[in-house]
Amino acid sequence: MKISDLVITPLAFADPPLLNSTGVHEPLALRTVVQLVVDGASAGEVVGLGEGSGERDVLDRLELVRAAIIGQSVFDTGAIELIVNAVLGPDVTPIQKRAVFSIVEVACLDAQGKLLGVPVTDLLGGAVRHTVPYSAYLFYKWAAHPAAPGGGSPDQWGEALDPAGIVAQACRMIDLHGFRSLKLKGGVFHPEDEIAAIRALAVAFPGMPLRIDPNGAWSVKTSKYVAGELAGVLEYLEDPTLTTAAMAEVAQVASMPLATNMCVISPETVPEAVRLDAVQIVLSDHHYWGGLRHTRELGAICDTFGLGMSMHSNSHLGISLAAMTHVAAATPNLAYACDTHYPWNSADDVITTPFAFVDGALAVPAGPGLGVELDQDRLAELNKRYVDSGRTTRADTAYMRLVDPLYDPMLPRF
Ligand SMILES: [Mg+2]
């Protein structure tokens, strides 16, 4: 059961012009897929899949890790984590190390599941739910990418720059996927406009849980104001302002829970948040909490301190979605609908059978392993797109400046 290779493939997939507090998504999102090759002895060769950030530094670190883990047992994820930490050395932060290890750990668990003939969920203690609910991830967006040849043609989602546009987007998301909770990426327009959008959603979808996440675009004063205006309307308010101390000030007056994937992002950041009672819900993300088992451990941390647990998402494809679904199914207190960008990106997926939401939820893949199969032709196609693009990093602000040369990403903006 020894690891014999780690094939690392960067790729680029189509992404709509989604607006956020630092700019706008570029026409291509970058991602990395790994194929962990394991000599399964009598079981034959097995390949475990992992997916994570496509940033150049992550790729470089994966290359360093590759040589060091060949020959290790695929079941020794604890030892592999120590190897990753040692190889990357003291100049790489613990959070950066976890981002690398998480990709490898998911590939190890996929391979383990394939060797044992069980789903990854079974390796995490078993499923406590058989379907995992996701929320519709709504974005302000342009109709088309400005940088596309000829100025770009409108995508199928069209423009969403005001409350009516956001409600129309929500209707389409719900028609297509059946979502039963709604999250709006905010921090784009004046808070009064975003309050109006949330109120419009509340009118259009009575009783449906609503969230807004301005990614720290608001001052403490503005955050307190918005919390007051949306009292009784929001399920939770996500990262209204930057820093744990500032979140704590907002939490003192907010009637709804505050959630975060920006100030509690690692075990080291939990104590201050607990001491200050700064947040009430932690958004997990196995990509930066160090894999699926550490995400389950985060569940225990949240239980210990009486914190709720939800799940954060970045632009991703189906291997990540499979991993997210397995860990959500195996984490009892991950009780909120999870975030996912998948509806925005699934047309370019690298798995042979893309996921389909039913009533806004996914059935836990039956496995073995993650329960997904890699489409090698599509992987090669998206890798060529990555190479041809010449891109190595995400640059939402630089892309926004093509349209608005004076765009200032400094936060808080409002
Ligand atoms: Mg967030």
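## Domain contact, core and a helix pair

In this predicted model, the centres of domain 1 and domain 2, taken over C-alpha atoms, are separated by 24 Å. The domain assignment gives domain 1 as 2-122 + 375-387 and domain 2 as 125-363. The contact between them takes 35 residues from domain 1 and 45 residues from domain 2.

On the side of domain 1 that touches domain 2, at least two residues each come from β1 (2-14), β2 (19-20), β4 (28-39), β5 (45-53), α3, α4 (120-123) and α14 (376-389). Helix α3 gives the largest share of that side, 9 residues. Sorted by class, this side of domain 1 holds 20 nonpolar, 7 polar and 8 charged residues.

Next, the core. The largest nonpolar core comprises 121 residues, and Leu-36, Val-104 and Val-279 are those with the most contacts inside it. Helix α3 (residues 94-116) supplies the largest share of this core, 11 residues. Both domain 1 (2-122 + 375-387) and domain 2 (125-363) contribute residues to the core, so it lies between them. In soluble globular proteins, nonpolar side chains tend to be buried together.

What is Val-104 in contact with, once its neighbours within four places in sequence are left aside? The residues are Val-34, Leu-36, Gly-50, Val-65, Ile-69, Ile-80 and Val-84. Among them, Leu-36 is also one of the residues with the most contacts inside the core.

The helix pair in the table is α11 (residues 292-304) and α12 (residues 318-329), which pack at an angle of about 35 degrees with their axes 10 Å apart. The crossing of α11 past α12 is right-handed. From α11, the contact uses Leu-292, Thr-295 and Arg-296, and from α12 it uses Ala-323, His-326 and Val-327.

Asp-76 belongs to the loop between α1 (56-69) and α2 (77-88). Is Asp-76 buried or partly exposed? Asp-76 is partly exposed, because 16 other C-beta atoms lie within 10 Å, whereas a buried residue has 20 or more. The C-alpha atoms of Asp-76 and Met-1 are 10.0 Å apart, although the two residues are 75 residues apart along the chain.

Note on methods
Residues numbered from 1 in each chain as written. Predicted model: local features only at pLDDT ≥ 70, side-chain atom pairs only at ≥ 80, totals over all residues. Core = buried A, V, L, I, M, F, W, Y, C linked by C-beta atoms within 7 Å. Buried ≥ 20, exposed ≤ 12 C-beta atoms within 10 Å, placed from the backbone. Helix = DSSP H or I, 4+ residues; strand = E, 2+ residues; numbered from the N terminus. Domains from an automatic or database assignment. Contact = placed C-beta atoms within 7 Å. Axes fitted to C-alpha atoms, helices over the stretch in contact; angles between N-to-C directions. Left-handed = near helix turned anticlockwise from the far one by under 90°. Nonpolar A, V, L, I, M, F, W, Y, C, P; charged D, E, K, R; others polar.
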